[in-house]
Amino acid sequence: MNKRFLIRPRQHSVLGQDFRSSLIARELSLTHIDPDPGREYEDPELLVCFDPEDADILKCVKRFKATPVVAHFQLPWSYQLPDEQDRARETLGLVDAVIVPTDELKHELEKEIPGSQVYRACNGASREVFSPASRKERYAYRAAHRIPANVKLLGYVGRLQNSKGLQVLEELLLRLPKLCNLLIYCPESNEALARNRFNGKERARVVCDDRDPLRGKHPTKYLDVLVATSLREAFSMVVLEALQSGVSVVAANSSPFVAEMDSLEAMKLVALPPKLENMNRCELSLERKEVNQIVGEFVRIIEDTTPLDDSERRELAMSVLSLGYTTEAMISRCREVYDEIVRVSTNQGV
């Protein structure tokens with residue numbers, strides 16, 4: 001019986017971190033464990049968690065204090081609310097190792113949690129879901145959603161909230177260039193907001209879906225341009241997913257990863273105000289003047305962006321994979337860290 005456990009797996013695998021946790025659990029055979037203190041489990045050899053700022057996760061880590069723990073952490077430290085920072089600091093101070101997706105976040109955590117063991121494991125996107133679609137497939141998707149064949153199809157993927165650039169997205173729709181449509185793909189938890197803000201708009205389409213993307217048609221590969229408006233990220237999965245799908249990206253410069261991808265011709269950045277760098281997610285918002293300036297730059301770049309043809313999409317996808325951002329690399333690195341922590345714990349117990 002496998003004795004490595006994932007504490008309370010995430011539920012919505014259509015979202016980046018949820019997909020990542022479910023994939024790691026499946027590929028590394030992690031058994032799901034409920035943080036409910038009333039449940040009994042036979043001496044785990046390793047616990048893994050993805051939400052160290054969560055109060056139940058902290059309780060579970062304390063409950064199994066003799067068991068080695070690896071925590072995955074994916075957020076800029078200042079993005080969290082103060083009480084979340086307190087819980088994350090306590091949890092991460094108890095675990096044996098922390099896995100993060102970028103060197104910048106590694107350095108940040110080493111500063112915030114002195115003495116912590118922090119490892120980097122690059123993120124990866126599913127090639128089964130995020131791979132280039134042919135022209136025929138793209139047009140079939142448009143037909144199914146009643147999107148004209150002659151327009152430039154833009155897309156937004158993610159939650160609808162100010163920290164994700166909702167102000168920018170709403171203004172962008174009002175100033176959308178001619179012959180452009182905007183497809184908004186968000187979780188069902190945002191459906192009411194999406195229908196209220198965007199339904200009925202002549203050139204907007206809303207698709208809400210919390211199902212596993214392996215069972216549905218994720219829209220990213222069918223886009224001409226992904227617009228990534230998030231104001232703060234440690235690592236933007238939607239950007240990686242689009243580039244791996246051979247889709248051009250216009251993104252707010254919200255993370256070091258996004259800036260790194262700027263070396264690709266299909267990746268264009270829009271500058272953000274420096275004031276956002278130290279704001280938590282509830283503080284992240286823009287003044288009207290800032291929204292106008294940012295949207296103006298989005299519009300300019302979108303107008304200058306020519307949709308890629310099939311061969312260009314395949315070339316872009318190969319370029320991204322060559323940088324090492326693959327699920328295989330992510331799984332391999334996580335396995336290495338898990339095995340090392342178990343080995344060290346076992347040797348200390350001898």
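## The second largest pocket

Helix α11 gives the largest share of the lining of the second largest pocket, 4 residues. (Helices here are DSSP runs of H or I with at least four residues, strands are E runs of at least two, and both are numbered from the N terminus.) This is a predicted model, where local features need pLDDT of at least 70, side-chain atom pairs count only at pLDDT 80 or more, and totals for chains, interfaces and linings use all residues. Residues are numbered from 1 along each chain as its sequence is written, and side-chain values use heavy atoms, with hydrogens and water left out.

The volume of this pocket comes to about 400 Å³, taken as the space filled by probe spheres set on grid points that are joined across faces, edges and corners. A pocket is an open set of points on a 1 Å grid over the protein atoms alone, where a 1.4 Å probe fits and protein lies on both sides within 12 Å along at least five of seven lines; lining residues have an atom within 4 Å of a point. There are 17 lining residues, and S248, L264, E265, A266 and L308 sit closest to the centre. By type, the lining splits into 7 nonpolar, 4 polar and 6 charged residues; Ala, Val, Leu, Ile, Met, Phe, Trp, Tyr, Cys and Pro count as nonpolar, Asp, Glu, Lys and Arg as charged, and the others, Gly among them, as polar.

Strands β10 (225–228) and β11 (248–252) run parallel over 4 bridges, and L226 has V249 as its bridge partner in β11.

Another open, parallel sheet of 6 strands runs β2-β1-β3-β4-β5-β6. β2 (31–33) and β6 (118–120) are at the edges with a single partner strand each, so one side of each has no neighbour in the sheet. Here the twist averages 30 degrees from one strand to the next. β1 (4–7) joins β2 through 3 bridges, with L6 partnered by H32.

## Salt bridges

The whole structure holds 22 salt bridges, each a side-chain nitrogen of Lys or Arg within 4 Å of a carboxyl oxygen of Asp or Glu. D83 and R87 form one, with the closest N and O atoms 3.5 Å apart. Both are in helix α3 (82–94), and because they are 4 residues apart, about one helical turn separates them.

Technical notes:
Pairing = 2+ DSSP bridges. Axes fitted to C-alpha atoms, helices over the stretch in contact; angles between N-to-C directions.
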